[in-house]
Every structure is written in structure tokens, then in C-alpha cells.
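Visitor: Hi! I'm new to this one. Could you walk me through it?

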Amino acid sequence: MSERVEGAELHHGEEPMCNESPQTTAPFSIRTFLRAQQALLVHFNTPMSTQHPTGFPNDLVDAKGLAGCRLSFSTIQTNDRGPWQGGNPADANAGGSIGLVVDVKDAGSVISVDWTDSGSNLHGSLGHAPNAQNCADSISKRTTANEWWIQDYIPLGIFAFLPAYAFVKQNGKQGEVPIGFPSVLAAYPQDPIYSVNMGSFVEFDRGTGRWLPTSYDRIVPR
């Protein structure tokens, strides 16, 4: 014997089939992706900084106010190394030693991503659209420094790979020169200074003169 429910045949022991909402997929979040990867975004002072009139340290000071412009960044994780930390500088995970750490918005900030130097032309970056797969590839497929082109960012502090070299222009000459860490501290007196050490993020404590452990969530607020 069967029962009828609003015209549908329902047999004993069967559960009614209710209208179910369609399955939805959460939109891709670049900030959530970077947090899961524990990857900072850093714009480095590099030998490519030739368009700036002085280079270090003013190029990074000026970069704080250039959020409306597109700048080149690299992702930096805790096991990455800088160009002067041993090995061939060309094989490092960054094009420079000193950089500006930033946060981004989920929409409108990241223009393109690539697991290597993406290059650019008069129309902009030649990298890939910042979707989930391309963002993942930009980290998993990199062998040296990757490149993210970003605008509309929020400055968070300064990143330093030590020992540090910086690109400078002075007295009609230009090139990378070694700079002591005290020079970095003096150049950015109001900024937190971050680095990596033995697989962890660290922050320099100006009060004690020591590097102290920190976390991605402390560097990049949720």
C-alpha cells in the first residue's frame, strides 16, 4: 500500500525528497590562498630599480605611496633565501635583499601572476590571470623568484634578507653594494622589520636588539 504526498508516490520506508539548494562553490580568495601558503608579498629593491633617481632607501619609501601604480612583487615563504645568502644569486627566491611587505584586496589588487619573471610590455604584464590554478602554480612551479604584478596594496613593513645588498645611485654611479643592518633600521625607523630564520618568520625587536619569532597572522592581519 502506498501513500501519496502532493501527487508524488511515496512508499513505506522511503524518506521524502525535499527541494535542496544547489551546491555552491566559494569564490577564490587570494588573501586566503596566501595565508594558507604562508606567503608574504614583497616588492624588492633590485638592480632593476634603475628608473628611481636614488634607489635604496628612498625607492621603498616612495613605493609606499604608489599603491595606484602597478609594481612587481615576489611571494616569500619561511624557507626561501635571498640573493646573498649562499649559492648563485640568480637562483634565489627574491631579486633583492630589502623589500616592502604589503597586503592586498581579494579583488582588484593582483593584476597577474607567474612562477618566473613574467616580463611586460607597453600594455602591461605578460603574466597569467590571478585565478586559483595560476596562483598555486606561481608558487609550486617556481625555481627562483616568481613575479606578481600588484596595485592598490596596503604597506605593512620592511622585509630583509641578511646579509643585505642594495641597489643605489650616487655620485653618478649605480650598482648593488653591501649595506649593514643598522642602515636598514635607520632608513625605516617607523616600520616593523621582518625576515625568515630556520623555517620561521621573525621580527626585529628594536628595544632588545633581537630577532623574535612572529607569525604570518601577526604580519598580515585577517
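Visitor: How much space lies in the largest pocket?
Guide: About 1100 Å³ of space lies in the largest pocket of this predicted model. On a 1 Å grid over the protein atoms alone, a pocket is an open set of points with protein on both sides within 12 Å along at least five of seven lines, while a cavity is a set where a 1.4 Å probe fits but cannot get out. Grid points are joined across faces, edges and corners, and the volume is the space filled by probe spheres set on them.

Visitor: Which residues lie nearest its centre?
Guide: They are His43, Thr46, Met48, Ser49 and Ser72, out of 36 lining residues. A lining residue has an atom within 4 Å of a point.

Visitor: And which element gives the most to that lining?
Guide: Strand S4 does, with four residues. S3, helix H2 (58-63) and S9 are also among the elements that each supply at least two. Helices (H or I, at least four residues) and strands (E, at least two) are DSSP runs, numbered from the N terminus.

Visitor: What classes of residue are in the pocket lining?
Guide: There are 16 nonpolar, 14 polar and six charged residues. Ala, Val, Leu, Ile, Met, Phe, Trp, Tyr, Cys and Pro count as nonpolar, Asp, Glu, Lys and Arg as charged, and the others, Gly among them, as polar.

Visitor: Before I go on, how should I read the numbers and the model?
Guide: Residues are numbered from 1 along each chain as its sequence is written, and side-chain values use heavy atoms, leaving out hydrogens and water. Since this is a predicted model, local features need pLDDT of at least 70 and side-chain atom pairs count only at pLDDT 80 or more, while totals for chains, interfaces and linings use all residues.

Visitor: Which residues of H1 are buried?
Guide: Ile30, Phe33, Leu34 and Arg35 are. Buried means under 20% relative accessible area, exposed over 50%, and partly exposed in between (1.4 Å probe, protein chains only). The cover over those buried residues includes S3, strand S6 (110-114) and helix H5 (216-219).

Visitor: Changing topic: how many aromatic pairs are there?
Guide: The count comes to eleven. Rings of Phe, Tyr and Trp (its six-membered ring) pair if their centres lie within 6.5 Å; planes under 30 degrees apart count as stacked, over 60 as edge-to-face and the rest as tilted. One of the pairs is Phe44 with Phe161, stacked at 6.2 Å centre to centre with 10° between the planes.

Visitor: Where do Phe44 and Phe161 lie?
Guide: Phe44 is in strand S3 and Phe161 in the loop between strand S10 (154-160) and strand S11 (164-170), so their pair ties together parts 117 residues apart in sequence. Phe44 is buried at 6% relative accessibility, and Phe161 is buried at 0%. Together with Phe159, they form one aromatic cluster.

Visitor: What about Trp84 and Tyr165?
Guide: They are stacked as well, at 4.2 Å centre to centre and 20° between the planes. Trp84 lies in the loop between S4 and S5 and Tyr165 in strand S11, so this pair ties together parts 81 residues apart in sequence.

Visitor: Are those two buried or partly exposed?
Guide: Trp84 is partly exposed at 30%, and Tyr165 is partly exposed at 24%.

Terms used
Contact means heavy atoms within 4.5 Å.
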